[in-house]
Amino acid sequence: MDKSAIATIRNNSGRVLTITVMTIIAGIQMFPLIWLIDFSLCNSNELFTNGILVWPKKIQWVNYVLAFTNGNFLHYLKNSLLINTLAVVLVLVISIMAAFACSRMEWKLKHAASILMVMGMMIPVHATLLPNYVIYDKLGITDTIWALLIPYVAFSLPQGFFLTTSFMSSIPKELEEAALIDGCGIYRILTIIIFPLMKSSIVTVSIMTYLNNWNEFMLAITYLSSKKWKTLPFAILEFTGQYSSNYAVQFAVMALSAAPALIIYIILNKHITKGVALGAVKG
């Protein structure tokens with residue numbers, strides 16, 4: 001057998017081994033989701049049978065009907081969409097403007113400001129719960145949309161600033177200099193030149209901010225007391241009380257709560273991977 005045949009066999013073997021290992025890893029990663037959907041379509045009595053997965057005798061779509069109608073699901077979904085969308089917009093605007101100031105403009109404290117912004121990634125969310133609650137209470141903004149919007153933006157900014165700065169540093173300054181010669185101001189440069197070139201970064205920051213805040217619960221349960229601004233994770237908590245013995249309905253609520261973020265991730269997964277990879281290389 002010649003060397004080329006041996007090399008081909010080795011390459012094929014390596015490819016098969018890689019595919020097998022990746023398939024096993026993917027199966028392990030997807031199993032909790034499969035398990036969740038499986039249990040959400042069963043009767044509660046069937047959940048206590050032997051076996052990790054259950055094959056339902058009859059698919060119980062009524063679990064999803066109850067989950068959708070009996071737990072203020074639409075109200076919580078609307079709040080989650082509104083708060084997360086506003087957080088994404090604010091994070092994008094502040095991150096891009098801060099990145100432009102720190103990577104393009106010359107001022108004495110720009111390096112210190114950059115370090116302080118990135119250091120925000122090292123602060124745990126739970127360490128700020130009590131001091132923030134005291135501050136919000138004195139300002140009278142507990143149980144309002146600002147009680148969630150402010151920390152959501154604050155804790156997403158360091159990551160957004162890091163990614164946008166990495167991308168902006170790779171954009172040739174000659175483009176902005178040419179625009180200045182043509183009479184463009186800073187804001188026009190940002191909207192006409194910077195924004196289009198940073199499309200991958202903007203998409204990446206948007207998706208990561210949205211997904212990071214979508215299932216957040218600790219801040220919401222600490223700062224909110226009424227239902228007015230409660231977000232989607234509260235639907236699960238509410239059904240845990242209403243249907244404490246009906247586990248199948250609780251699984252259906254969990255599946256519905258996870259569905260929007262999962263759909264967004266599946267559709268835009270390539271942008272997340274591309275954006276993070278480009279940011280790492282350019283940074």
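Helices, in the sense used here, are DSSP runs of H or I with at least four residues, numbered from the N terminus. Just after one such run, helix 5, residue G140 takes a positive phi of about 75°. The model in which this feature occurs is a predicted one.

At the level of the whole chain, the secondary structure consists of 12 helices and 0 strands, and the order of elements along the sequence is accordingly written α-α-α-α-α-α-α-α-α-α-α-α. Of the 283 residues in the chain, 39% are buried. The accessible surface comes to about 16700 Å², and carbon and sulfur atoms account for 70% of that area. When contacts between residues at least 6 apart in sequence are considered, 74% of them join residues that are at least 24 apart.

Helix 5, which spans residues 129–139, has L129, N132 and Y136 as its buried residues. These three residues lie on the same side of helix 5, because the arc that they cover around the axis is only 70°. An α-helix has 3.6 residues a turn, so residues three or four places apart point the same way. The face turned away from the buried side of helix 5 carries L130 and K138, both of which are exposed. The packing partners of the buried residues of helix 5 are helix 6, formed by residues 145–169, and helix 10, formed by residues 218–223.

Most residues other than glycine have a negative phi.

Elsewhere in the chain, E238 is found in helix 11, which comprises residues 233–242. The relative accessibility of E238 is 17%, and this residue therefore counts as buried, given that the term applies under 20% relative accessible area. Residue E238 is also one member of a pair that is separated along the chain, in that E238 and N70 are 168 residues apart in sequence, while the distance between their C-alpha atoms is 9.5 Å.

Notes: Residues are numbered from 1 along each chain as its sequence is written. This is a predicted model: local features need pLDDT of at least 70, side-chain atom pairs count only at pLDDT 80 or more; totals for chains, interfaces and linings use all residues. Side-chain values use heavy atoms; hydrogens and water are left out. Buried means under 20% relative accessible area, exposed over 50%, partly exposed in between (1.4 Å probe, protein chains only). Helices (H or I, at least four residues) and strands (E, at least two) are DSSP runs, numbered from the N terminus. The arc is that of the directions from the helix axis to the C-beta atoms. Contact means heavy atoms within 4.5 Å. Accessible areas come from the Shrake-Rupley method with a 1.4 Å probe; for residues, only the protein chains shown count as cover.
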